[in-house]
Amino acid sequence: DCTKAFVDLNGIKTHCSTTGHQPQMESTGLKPSNIEVFTSFCNCALQRAMGERMAKWGREYIDPKSFSEPTDRQGRSMGVRIFRAFSCEFGVHKPHGQPLSLTLTVDLRAKVIRTRNLLQQICDDKDPNKVKFNPRDIQRAQRQFKGEVVICTYDKRCYSVVNLDFTKSPATLPVEGLGISHAEYFTKRKNIELKYPNACPVVAVLGRNNSTIHLPAELVCFNELDPFVKQQLPTIASFTPPQRHQAIEEMKRYLTPGAQKTKGAGGGLLPAIGLVLEDKRVKCA
């Protein structure tokens, strides 16, 4: 089957005449979808296409390998990473005096994550393999982090902390039903080699359906930012109009046949199902 997409009717006619292909379409039992179903279908395809090349973080998508680490006036790291987060959605718009048209709304936002993980924070940046916790240290850590929200560094999901287990490490805590430790699980299933598999604590967090799952402390970060970093967010986590323009141009490539490599044929998932972006922008009053 041919999965190529074309910008206009002339393109598909030329392709058919040179290759001998014939367009196929079922003509019986069909009815047009309503606007809600159509836009929902388009947005599902858009999310799938973005997920082929980017990582999802909340409702936005980021390039995990593209980030900046801001510094203060003395050149010292502020302890955070800033990611460009793309927010895209199809909607139906009716320009004045023109018929309804499918429009793509693109926004560029910032996602911020700490560079210091929870294990470093609990160990006060000392070697986790050498730190010994006394009962007072454990009580202080429990009071500080129990009930707080942490963010997982490898998939950017947020979890509520249920408990900190100082009696186990990722290497000694087994995964229920799998017969392997959590350290082995992350190595084999997630391709993540833990730096400190024998270091405690293990973080117990609230999972789906109120279940409890366990995460290595080196793979999560405290979600709350330092007050100084919060004050600097308008400076370090905002984007200029040219940067937003570049984000729009980058998203347009997802809807241009052959503009980006993709999984499968057709020059891109969206063009392959017939969604091609017209090279003009809609002005909103």
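Where is Asn209 found? Asn209 sits in the loop between strand 9 and strand 10. The model described here is predicted.

## Backbone in the loops

Most residues other than glycine have a negative phi, and most peptide bonds are trans. Several places in this model depart from that pattern. Asn209 has a positive phi near 55°, although this residue is not glycine. With a relative accessibility of 78%, Asn209 counts as exposed, because the cut-off for exposed is over 50%.

The loop between helix 5 and strand 9 holds Asn191, whose phi is positive and near 55°, again in a residue other than glycine. Asn191 counts as exposed, at 68% relative accessibility. Pro201 is found in the loop between helix 5 and strand 9 as well. The peptide bond that leads from Cys200 to Pro201 is cis, and its omega is near 10°.

## The two sides of helix 4

Helix 4 covers residues 135–145, and in it Ala141, Gln142 and Phe145 are buried. Why do these residues lie on the same side of helix 4? They cover an arc of only 100° around the axis, and therefore share one side of the helix. As a general rule, an α-helix has 3.6 residues a turn, so residues three or four places apart point the same way. The cover over the buried residues of helix 4 includes helix 3 (118–122), strand 6 (158–165) and strand 11 (220–222). Pro135, Arg136 and Arg143, on the other side of helix 4, are exposed.

## The ends of helix 4

At the start of helix 4, Asn134 has a side-chain oxygen within 3.0 Å of the backbone nitrogen of Arg136. Just after helix 4 comes Gly147, with a positive phi of about 90°.

## The second largest pocket

Rolling a probe the size of a water molecule over the atoms shows where empty space is left. The second largest pocket of this model has a volume of about 490 Å³. Its lining is made up of 20 residues, and those nearest the centre are His182, Tyr185, Ile213, His214 and Leu215. Sorted by class, the lining has ten nonpolar residues, five polar ones and five charged ones.

Which element gives the most to the lining of this pocket? Strand 10 does, with four residues. At least two lining residues come from each of strand 7 (174–175), helix 5 (182–188) and strand 10 (212–216).

Note on methods: Residues are numbered from 1 along each chain as its sequence is written. This is a predicted model: local features need pLDDT of at least 70, side-chain atom pairs count only at pLDDT 80 or more; totals for chains, interfaces and linings use all residues. Side-chain values use heavy atoms; hydrogens and water are left out. On a 1 Å grid over the protein atoms alone, a cavity is a set of points where a 1.4 Å probe fits but cannot get out, and a pocket is an open set with protein on both sides within 12 Å along at least five of seven lines; lining residues have an atom within 4 Å of a point. Grid points are joined across faces, edges and corners, and a volume is the space filled by probe spheres set on the points. Ala, Val, Leu, Ile, Met, Phe, Trp, Tyr, Cys and Pro count as nonpolar, Asp, Glu, Lys and Arg as charged, and the others, Gly among them, as polar. Buried means under 20% relative accessible area, exposed over 50%, partly exposed in between (1.4 Å probe, protein chains only). The arc is that of the directions from the helix axis to the C-beta atoms. Contact means heavy atoms within 4.5 Å. A polar contact is a pair of N or O atoms within 3.5 Å; within protein, one must be able to donate a hydrogen and the other to accept it, and residues adjacent in sequence count only if both atoms are side-chain atoms.
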